[in-house]
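Hi everyone, thanks for coming. Let me put a structure on the screen and walk you through it.

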Amino acid sequence: MNPLLVMCGLFFLLSPGVLRAEGEVQEATFKVAGKCGMCKTRIEKALKIEGVTSAQWDKRTTRVTVSFQSPPLTVDSLQRRVAAAGHDTGKYAAPDSVYAGLPACCRYRDKSTRH
Ligand SMILES: [Cu+2]
């Protein structure tokens, strides 16, 4: 048997497993509370991690669209990261201590300063 053919066969058999291990690129959009350009920077920075290929937060819709490798990342893990940075998501609330440290223009929970 031709060793080259065996090699090719092995590669073919293994490649789907390799692809699964690296994960597929998925795109997800979810709600992230925020108000201004600083929020946008903070939210997108929180998502600048290995496995995220793009993250765009829209101030008008207050939603972020993320392209990411899954696995290992999940929409859930991304939402937890954004919440930890100080921004409520559809599923997780930012810790009060982190929210309290946000600049006044970013206080999205305060209705009186909404603009
Ligand atoms: Cu802001």
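I'll start with the ground rules, then the fold, then the backbone.

What you see is a predicted model, where local features need pLDDT of at least 70, side-chain atom pairs count only at pLDDT 80 or more, and totals for chains, interfaces and linings use all residues. Residues are numbered from 1 along each chain as its sequence is written.

The chain has four helices and three strands, where helices (H or I, at least four residues) and strands (E, at least two) are DSSP runs numbered from the N terminus. Starting at the N terminus, the order is α-β-α-β-β-α-α.

Now, the sheet. The three strands make an open antiparallel sheet ordered E1-E3-E2; two strands pair if DSSP finds at least two bridges between them. At the edges sit E1 (24–31) and E2 (52–58), each pairing on one side only. E2 and E3 (residues 63–70) share six bridges in the antiparallel sense, and Phe-68 in E3 is the bridge partner of Val-52.

Next, the loops. Between E2 and E3 we find Thr-62, whose phi is positive, near 45 degrees, in a residue other than glycine. Thr-62 is partly exposed, with 17 other C-beta atoms within 10 Å; for that count, 20 or more means buried, 12 or fewer exposed, in between partly exposed, with C-beta atoms placed from the backbone.

Pro-71 lies in the loop between E3 and helix H3 (75–84). For context, most peptide bonds are trans, and most residues other than glycine have a negative phi.
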